[in-house]
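Please look over the sequence and the model below before reading on.

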Amino acid sequence: MNPGVAIAALAVVSVATAVIGFYGLRISRTTGDFYVASRTVRPWWNASAIGGEYLSAASFLGVAGLILLSGTDALWFPVGYTAGYLMLLLFVAAPLRRSGAYTIPDFTEARLDSRVVRKVTSLVVVVVGWLYIVPQLHGAALTIRITTGLPSWVGSVAVVIVVCLTVVAGGMRSITFVQAFQYWLKLTALAVPILFIIFVLAGTGTPALSAPAVNPTGLASSGAYQNVSLLVALLFGTLGLPHVLVRFYTNPDGQSARRTTVIVLGLLSVFYLFPTAYGLVARMFAPGLARTNQADALVLLLPGELVGGTAGDLLSALVVAGAFAAFLSTTSGLVVSLAGVISQDVLGGEVGGFRLAAVVSAVVPLGFAFMTDSMALAGSVGLVFAFTASTVCPVLLLGIWWRGLTDAGAIAGMVTGGLLCGGAMIAGALAGAANLAPWLAQPAAWTVPTAFAVMVVVSRATAHRIPATMARVMTRLHTPERPLATER
Amino acid sequence: MTRVRVTAPRSAALPAVESREAAQASEVGQVFVRSLIRSQLRLALVVAGGFLLILAAFPLLLAVVPGLSETRIVGIPFNWLLLGAGIYPLIGLSAWFYVRTAARNEARYRDLAGDQ
């Protein structure tokens, strides 16, 4: 495609992000504004912002690419990403909002009355956040390389710079507006080109390929174990994502946290129809895109491939803008929540510290991104979900629903899950994707139950350590907010 | 314009929350709280279990009924329609049912706890 058009699209998204960030700055003045938008964000805004933050490079580029490569097996990715939000609604949304904590470490400290648990949780959250930013930067590098011909690092560096500027300038209040804008941008950027493509294909009567070509790579389908393990990772991993959780504190109460989550589920369901459509259309009309070993770029290349000309260039520009919105929004959401954790636990909790922490949270993963090679985006994000599901998810679920959880149990479970899943990820990276046993490629099916089991067994063995504040905290988590006196 | 400087930790309990807990510190209050937690957990598990069962039934259906995955509707293979679009209404329905019932559980708790 035309590099000039792509660069213009990138510039427009970056400037729009900065402008909305600056607009937010004028009403963002207190520490509360900085961290959680003073809890005054309306449900639709909030839901759009959650959707904008959640839909990352993996959703925008990776899912379609993976569907092109492995067909119906890859359909479990969008299903899992959405169903993960259902689990979040069922088990976490309202109690977490009612806990009154701002971050996951705040929650574990309050629930288990232990500073050590807080430190361990903070460490895990920072690792999860950094692991999750890296694929976003890989996605940006890929997009820049494919669409402009510039060196890959330009993309990653551009994302880090725009994110740092936005977060340092406005904090979360402006972030909420930026994220909400970026959800609708991402949806438009996927929907308009694919609808146009389908319209053109139908108008010209282009014949679809016959059945054998519908599997372009001839890859054998993955086994039932891999699909189940992937679903475990996605269903339980969403619960523990730090940038997703921090959003719930911007709801006024638990019931509105639930309502927001239902709107988010609707927004995600609509969104994921489109990557699926890209994958299917590419399989039927342009399977050649799978053979160039750059399936992740499918969404970027399809308009040029099937429409071409000026219309193709314009549609490509729109897709590039949407892709960049995806990298920017997820990265800035992660940076805000990581900066919240780092500034509180390392730097003492003032706005100045928050700014410094934001820069640190964005620059460290940039280093990782330079050192590592990009793998399939949806796959590497799937592994981050597995890690979250093995560490943060058990402590949240048991902390909210089980009175017997102790600090020792929480720490033992998080460390076990983190070591097992992290070990599997490192072993997988060393062995290479080709000759990897299924249980190493998708570790969630055994690491998540193990983490839960360790947490329960150790808590049982240390039952005398159940904090004295437990009954009070459980009451706070589960009882509705309205004071009883005003009820009658 | 005034700037406010706030120091750590931000997790200090909110005043309104304290009174809510104090009202339920009695033994009877704790019985109500426990029963609320149990009914909310049961509801969440039932909805999650039902959803996962139906989710598991989709690939089983495709495997058991031969020729179903080759059937095309408006040119789109049926298995793609089922997994790519058919699951989302199911998710929405589960979410709607859960939110309604969870709010009802809380209303029942309010009635009970208010009677003390």
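Two residues are in contact if their C-beta atoms, placed from the backbone, lie within 7 Å. This is a predicted model, in which local features need pLDDT of at least 70 and side-chain atom pairs count only at pLDDT 80 or more, while totals for chains, interfaces and linings use all residues. Residues are numbered from 1 along each chain as its sequence is written, and chains are lettered from A and ligands numbered from 1 in the order in which they are written.

Leaving aside neighbours within four places in sequence, A:Leu298 is in contact with A:Ala64, A:Gly65, A:Leu68, A:Tyr278, A:Ala282 and A:Leu289. A:Leu298 also belongs, with A:Leu86, A:Tyr278, A:Val320 and A:Ala321, to the residues with the most contacts inside the largest nonpolar core, which has 189 residues. Such a core is a set of buried Ala, Val, Leu, Ile, Met, Phe, Trp, Tyr and Cys residues joined through C-beta atoms within 7 Å; a residue is buried if 20 or more other C-beta atoms lie within 10 Å of its own, exposed if 12 or fewer, and partly exposed in between. Helix H15 of chain A (residues 309-345) gives the most to this core, with 19 residues, helices being DSSP runs of H or I, at least four residues long, numbered from the N terminus.

A:Gln226, in helix H10 (residues 224-237) of chain A, is partly exposed because 17 other C-beta atoms lie within 10 Å. Beyond its neighbours within four places in sequence, A:Gln226 is in contact with A:Pro438, A:Ala441 and A:Gln442; A:Ala441 is 215 residues away in sequence, yet the two C-alpha atoms are 8.1 Å apart.

How values were computed
Helices (H or I, at least four residues) and strands (E, at least two) are DSSP runs, numbered from the N terminus.
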